[in-house]
Amino acid sequence: MAMTCDRVRELAPGFVLGALDIEEMIAVQDHLDGCAETHPEMDELGGVVPYIAQSLTPVEPPAWLRESVIAAAKADSLARRRVGKGAEHRIPAHAPAAAAAATVAATAVVTPEASFAPEPATGLELAPVIPLRSRIWARRGRIATWATRAAAALLVVSLGSYAYVVQNDLKNAQHQAPPWVNVIGPETRQAPLAPTNAASKAGGLAVLQQTGHLYVAVNHLDATAGDQVYMVWVTAETGDVSRVGSFTIDSSGWAQVEFDRVPTSPNLWLFICLEPNGGVTRPTGPIILSGTLSA
Amino acid sequence: MEVPPQMAVPESLSEDQSEAELMRQVAAGEIGGLEALYDRYHAMAYALALRITTETGLAEDVVQDSFLGVWRNAGRYAEARGTVRSWLLAIVRHRAIDAMRRQRASVALGDESEEVLPANLTLPDIWPEVAGRLDGERVRAAIQTLPPAQRDAIELAYFDGLTQREIAARTGAPLGTVKSRMRLGLVSLREQLIGQYEEVMPSGLPANGKRRMA
């Protein structure tokens, strides 16, 4: 939709407030991008807009939010570094504008102010958790699970030291049925989960199917207490963090869980945090285990 | 709900310069820069998120998401295009409205099926010095001078994220009337802000704060 300068001037108030229909917003912006004339009305009207928010009385958020923000930023940086091991030449952390622009995915609200800082799409994706807890515990008597055997296969292939803990489980699993072959295949991605704390014996394995179905098996984790949960998160190359789901651990230190509709982006960094409760929407607790699901 | 004291705003150009330095720290990945930025603007960011979402949990998510957005994109902050506060609040507003729209549409946060934001929709903060001189009271006073219909049109667009067409449908006013109210309201608000500024700074407006209006 080509626009004349007069039409753009007419639409300026709606444009600076982001109150035009999307087609008009885009058409006005296209015009401004290519117009040889100046459009001072945009600055003059648009300059008012930031002050509308300033009419609000500041409100103090909960004190914990500060810690949460900082923890999320730290986790974001860490995720970028981890994922960046395979992709750092493509998307460096805190990339310069041109590179960062390439990572812009999508936004839902088209407002001029918002575009002042185009950003990657918001990162919170809630992958529905398959309610498997009862199933998990019902199956706990089976020492040999897909996970331990899958880990064994991985160990045989190349991933030995990462899955040290799972390897121990393998010794007890030799006589069990081999269901892992149904999980790991040429179209799955696997990640041994290594502890952040080198002194920890914790370990595990994650297997992601192309369908977005994720299997996670962990061992030697500290038991959760009260509302505590272990929360599984994944981070894509863009740095967007998605919450996958949570699980609890009893005194055995062992669990096997499955989740559905997990993002399947290349080079996903999966990490498990110990969180105070299952309601967190961003990583706040310490990272216990992590691994990279490389494409 | 606890209402804290008025949030500190930059008091001078040198303060703005220190903000630029703060942003450079954030862009360099220095967590201390983000902490300082949060300490400076969290209350205003939360107030805006809460005003738009009207829900504490969602507002907390929005604030966290927004500061994380700043953390990731600080390198793209252009000092010449406005103050850090305006930049941050624009992000907060954007994310809050986005969250509300997604919630209304029963779409999970993070869904990326929406339209792509056109590039370079930039809006300068034309009076960075004015921003440093006008406290919330003065801005509130300026807004209160607007006729209610004009104020409503602006606030429905700014805080509720409604388009002119949606505002017309909600208020029952013809679309052309909504457009007129929005224009008159913005022009009037600008004049009011300039008037407030001249009270504080009789020496005159910044060079780019001319009264000229299209």
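**Sheet first, then helices**

Modeller: Chain A has an open sheet of eight strands, running in the order S5-S4-S7-S8-S1-S2-S3-S6, with antiparallel pairing. Keep in mind that this is a predicted model.

Colleague: Okay, which strands are at the edges of the sheet?
Modeller: In chain A, strand S5 (241-247) and strand S6 (255-259) are the edge strands, and each pairs on one side only.

Colleague: And what does the twist average from one strand to the next?
Modeller: The twist averages 20° from one strand to the next.

Colleague: Remind me, what do strands of a sheet pair through?
Modeller: Backbone hydrogen bonds, and the pairing can be either parallel or antiparallel.

Colleague: Back to S6(A), then. How many bridges does S6(A) share with strand S3 of chain A?
Modeller: Five bridges, in the antiparallel sense, and strand S3 covers residues 214-219 of chain A. If you want a spot to look at, find A:Leu214, which stands opposite A:Phe259 in S6(A).

Colleague: Is S6(A) mostly covered or mostly uncovered?
Modeller: Mostly covered: five of its five residues are buried.

Colleague: Which residues are on each side?
Modeller: A:Ala255, A:Val257 and A:Phe259 are on one side of S6(A), while A:Gln256 and A:Glu258 are on the other. All of these are buried, so both faces of S6(A) are covered.

Colleague: Where does A:Arg261 sit?
Modeller: A:Arg261 is in the loop between S6 and strand S7 (268-275) of chain A. A:Arg261 counts as exposed because its relative accessible area is 63%, and the cut-off for exposed is over 50%. Its phi is near 55°, a positive value in a residue other than glycine.

Colleague: Can you give me chain A in general? How many helices and strands are there?
Modeller: Chain A has 10 helices and eight strands. Of its 295 residues, 58% are buried. Looking at contacts in chain A with a separation of 6 or more, 67% come from residues 24 or more positions apart.

Colleague: Changing topic: chain B. At what angle do H2(B) and H3(B) cross?
Modeller: Roughly 140°, and the axes of helix H2 (residues 31-53) and H3(B) come within 9 Å. The two helices are therefore oblique to each other, since an angle has to be over 145 to count as roughly antiparallel. Their crossing is right-handed.

Colleague: Which residues of H2(B) and H3(B) meet there?
Modeller: Among them are B:Leu34, B:Tyr38 and B:Tyr41 from H2(B), and B:Val62, B:Val63 and B:Phe67 from H3(B).

Colleague: What about the loop between those two helices? Which residue there has a positive phi?
Modeller: B:Thr54 lies in the loop between H2 and H3 of chain B. Phi of B:Thr54 is near 60°, and this is a residue other than glycine. B:Thr54 is exposed, with a relative accessible area of 64%.

Colleague: And how do H3(B) and H4(B) cross?
Modeller: At roughly 130°, with the axes of H3(B) and helix H4 (residues 84-104) coming within 9 Å. That makes H3(B) oblique to H4(B). H3(B) passes H4(B) in a right-handed crossing.

Colleague: Last one: is B:Asp65 buried or exposed?
Modeller: B:Asp65 counts as buried because its relative accessibility is 11%, and the cut-off for buried is under 20%. B:Asp65 belongs to helix H3 (residues 56-73) of chain B.

Colleague: Which side chain does B:Asp65 make a polar contact with?
Modeller: The side chain of B:Arg95, at 3.1 Å. B:Asp65 in H3(B) and B:Arg95 in H4(B) are also among the residues where these two helices meet.

Conventions: Residues numbered from 1 in each chain as written. Chains lettered and ligands numbered in written order. Predicted model: local features only at pLDDT ≥ 70, side-chain atom pairs only at ≥ 80, totals over all residues. Heavy atoms only, no water. Pairing = 2+ DSSP bridges. Helix = DSSP H or I, 4+ residues; strand = E, 2+ residues; numbered from the N terminus. Axes fitted to C-alpha atoms, helices over the stretch in contact; angles between N-to-C directions. Buried < 20%, exposed > 50% of the residue type's maximum accessible area, 1.4 Å probe, protein only. Polar contact = N/O pair within 3.5 Å; in protein donor to acceptor, adjacent residues only side chain to side chain. Parallel < 35°, antiparallel > 145°, perpendicular 65-115°, else oblique. Left-handed = near helix turned anticlockwise from the far one by under 90°. Contact = heavy atoms within 4.5 Å.
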